[in-house]
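Here are a few friendly notes to read alongside the model. Keep the structure open and find each residue as you go.

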Amino acid sequence: MPRDTLELPPGLPPVGLDKAARRVLSGWLLLAVGSLAVAGTLALLLALARTPHAQDWLPWPWQSFFRKALVAHVVFAFVVWYLAMLGGLAAAVRPGVVTGMAGLALAVTGALLLLIPTLADWGEASLNNYVPVLVHPLFYAGLALLAAGVALPVLHLLLRPPVWGGALAMGVGTAGVLYLLALVCFGLAWANLPPHADLATYNEELFWGGGHLLQFVHTPLLLTAWQVLGEQAFGQAPLGPRVWPWVCVVLVAGGLPGPLFYALFDAGGVTFREAFTRLYWFGLPLAPLVAGAAVARAIWRGPRDWRSPAFLGLALSLAVFTLGGVLGIFATGGDTRTPAHYHAEIGGVNLAFMGMVFAVLLPVLLRGGTCTKAVRLQFWLYGGGQALFSVGMFVAGSAGVARKVAGDEQGLDSAVKIIGMAMTGTGGVVAVAGGVLFVWLALRRLGESGPR
C-alpha cells in the first residue's frame with residue numbers, strides 16, 4: 001500500500017477511494033493513457049518521416065502529413081496527457097463524483113474534437129510555441145473543452161482541500177493553482193489579441209504567456225511524482241516535510257507575476273515576451289535543482305531495487321530529465337538542439353508518470369498486480385529510446401539541421417547529419433516501443449475485472 005496515500009478519512013478501501021471515486025479515476029487514467037497512445041502512434045510516423053529513405057514508406061505524402069502530425073503529436077503528448085494526469089490526480093486527492101465525471105466528459109469531448117480535423121486533414125498547421133494548433137474551429141473548441149474539463153476537479157480540490165500535510169496533496173494543489181493562473185493568461189491573451197492579426201501572430205500571442213505558465217504546472221507534477229515514488233522506493237520522500245512546502249511556495253511565487261504582465265506590458269511586444277522568458281528562466285529552475293539533488297542523494301544511499309516500478313520510474317526519470325537540462329545549455333532555438341532538449345525533459349516527466357501509474361494509481365484502483373518483466377522493460381525501452389532520440393537530434397542540430405522540417409529540407413549533406421538523424425529515428429522507434437508497451441500494459445490492467 002502506498003505510504004503517501006490520498007489524505008482522506010481512514011477506513012475506505014483501499015486508500016480512501018470508494019467505488020464511485022475509483023470509477024472517476026479510472027476514466028481519467030483511460031483518457032491519459034489513450035492520449036499517449038495517439039501521441040505515440042504519431043511519434044512513430046514522425047520519426048519515420050525524418051529518417052533517410054524511411055519517409056518513402058509512409059502511406060501519406062509526408063510533405064503534407066508531417067506538419068499536421070507534428071501538431072497533433074505535440075498536443076496529445078504534451079497537453080492532453082499531462083492535463084489528464086492533473087485532472088485525474090486532482091479528482092483522486094479530493095474525490096467529487098459530480099465535478100470529476102463532468103470534467104472528464106468535457107475533457108474526453110475536447111480530445112475527440114482535436115482528432116477530427118487532424119484525421120480529416122482540415123485546417124492549416126500553426127507550429128507556434130507551447131500549444132501548436134490546427135487552425136480550425138473544432139480544434140480550438142477541443143482545447144477549450146479540455147481546459148474546462150480539467151479545471152473542474154482542480155477547482156473542487158482547491159475549494160475543498162484535504163489535509164495538506166502529504167507530498168501528493170500539496171504538490172497537486174500547487175499544480176492546480178498554477179494551472180488556473182495559466183488559464184487566466186490564456187484568457188487575457190485572447191482578450192488582447194489584435195483583431196486583424198495574421199494566423200502565425202495570432203496563435204503565438206494567444207499561447208505565449210499561458211504556455212510559459214504550463215511549464216510551471218508540469219514542474220510540480222514531476223516533483224510530486226518524484227516525492228511519491230521516493231516514498232515507495234526508499235520509505236520516505238526525497239524532500240522532507242519542512243523543505244517540500246517551501247519548494248511548492250517557490251513554484252507558485254514564480255508563476256504569480258504571469259497575469260500581471262498583461263497589464264504592465266504591451267501584449268505581444270518584445271518587452272512582454274522577454275518578461276515571460278525571464279520568468280521561465282529565473283522562476284522555474286530552482287525547484288527541480290533542489291528536488292533533483294535530493295533524489296540523486298536518495299538513490300545514492302539506496303536501497304536500489306531495479307525490479308521496483310517506483311525505483312525504475314524515479315531513477316530513469318531523473319537521468320533523462322537531467323540529460324535534457326544539460327542539452328538545454330547548448331540549445332540555440334533554430335536547430336534540432338532545441339527539440340533535443342525538450343524531448344529529453346518531456347521524457348523525464350513521462351517516465352515519472354509511468355512510475356506513478358504502476359506504483360501508485362493502479363494499486364489505488366486495485367489493479368496493481370505484480371511487477372513483471374514486461375512492466376520493467378517498458379521503462380528501459382522508453383527511457384533508453386528517448387535518450388538516444390534526443391542525443392541524435394542534438395548531434396544533427398550541432399551540424400546545422402533545422403528544426404520543424406523533414407525530408408530534403410533537412411539538408412542531410414554530411415555524415416554527421418545523417419548519423420544524427422539515423423540515431424533520432426532509431427531512438428524514436430525504441431521509445432515508441434516502450435510507449436506502446438506501457439499503453440498496452442496499463443490498458444490491460446485498467447480493463448481487468450475486480451472491485452470498482
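1. Start with Gln 378, which you will find in helix H13, spanning residues 373-398. Keep in mind that this is a predicted model. Is Gln 378 buried or exposed? Its relative accessibility is 0%, so Gln 378 counts as buried, the cut-off for buried being under 20%.

2. What does Gln 378 touch, once neighbours within four places in sequence are set aside? Its contacts are Met 354, Phe 358, Gly 434, Leu 437, Phe 438 and Leu 441. Two of these names come back in another setting: Phe 358 and Phe 438 belong to a cluster linked by ring pairs, together with Phe 78, Trp 81, Tyr 82 and Phe 353.

3. Now for the aromatic rings in general. How many aromatic pairs does a search of the whole structure find? The search gives 17. Take Trp 226 and Phe 321: their ring centres are 5.8 Å apart and their planes meet at 90°, so this pair is edge-to-face. The pair joins distant parts of the chain, with Trp 226 in helix H6 (residues 199-234) and Phe 321 in helix H11 (residues 309-328), 95 residues apart. Trp 226 is buried because its relative accessible area is 1%, and Phe 321 also counts as buried, at 16%.

4. Another edge-to-face pair is formed by Phe 261 and Phe 276, with 5.1 Å from centre to centre and 85° between the planes. Phe 261 sits in helix H8 (residues 257-264) and Phe 276 in helix H9 (residues 270-283), so the pair ties together parts 15 residues apart in sequence.

5. The charged end of Arg 273 sits over the ring of Trp 208, 3.7 Å from the ring's centre. Likewise, Arg 444 has its charged end over the ring of Trp 440, at 4.6 Å from the centre.

6. Finally, turn to the surface. Which residues form a nonpolar patch there? They are Val 243, Val 250, Leu 286 and Val 290, and together they have about 270 Å² of accessible area. Helix H7 (243-255) and helix H10 (286-301) each supply at least two residues of this patch. Val 250, which lies in helix H7, has a relative accessible area of 31%, so Val 250 is partly exposed.

Key
Residues are numbered from 1 along each chain as its sequence is written. This is a predicted model: local features need pLDDT of at least 70, side-chain atom pairs count only at pLDDT 80 or more; totals for chains, interfaces and linings use all residues. Side-chain values use heavy atoms; hydrogens and water are left out. Patches are made of residues with over 30% relative accessible area and no salt bridge: like charges are joined within 9 Å, nonpolar side chains (Val, Leu, Ile, Met, Phe, Trp, Tyr) within 5 Å. Accessible areas come from the Shrake-Rupley method with a 1.4 Å probe; for residues, only the protein chains shown count as cover. A salt bridge is a side-chain nitrogen of Lys or Arg within 4 Å of a carboxyl oxygen of Asp or Glu. Helices (H or I, at least four residues) and strands (E, at least two) are DSSP runs, numbered from the N terminus. Buried means under 20% relative accessible area, exposed over 50%, partly exposed in between (1.4 Å probe, protein chains only). Contact means heavy atoms within 4.5 Å. Rings of Phe, Tyr and Trp (its six-membered ring) pair if their centres lie within 6.5 Å; planes under 30 degrees apart count as stacked, over 60 as edge-to-face and the rest as tilted. A charge sits over a ring if NZ of Lys or CZ of Arg is within 6 Å of the ring centre and within 35 degrees of the ring normal.
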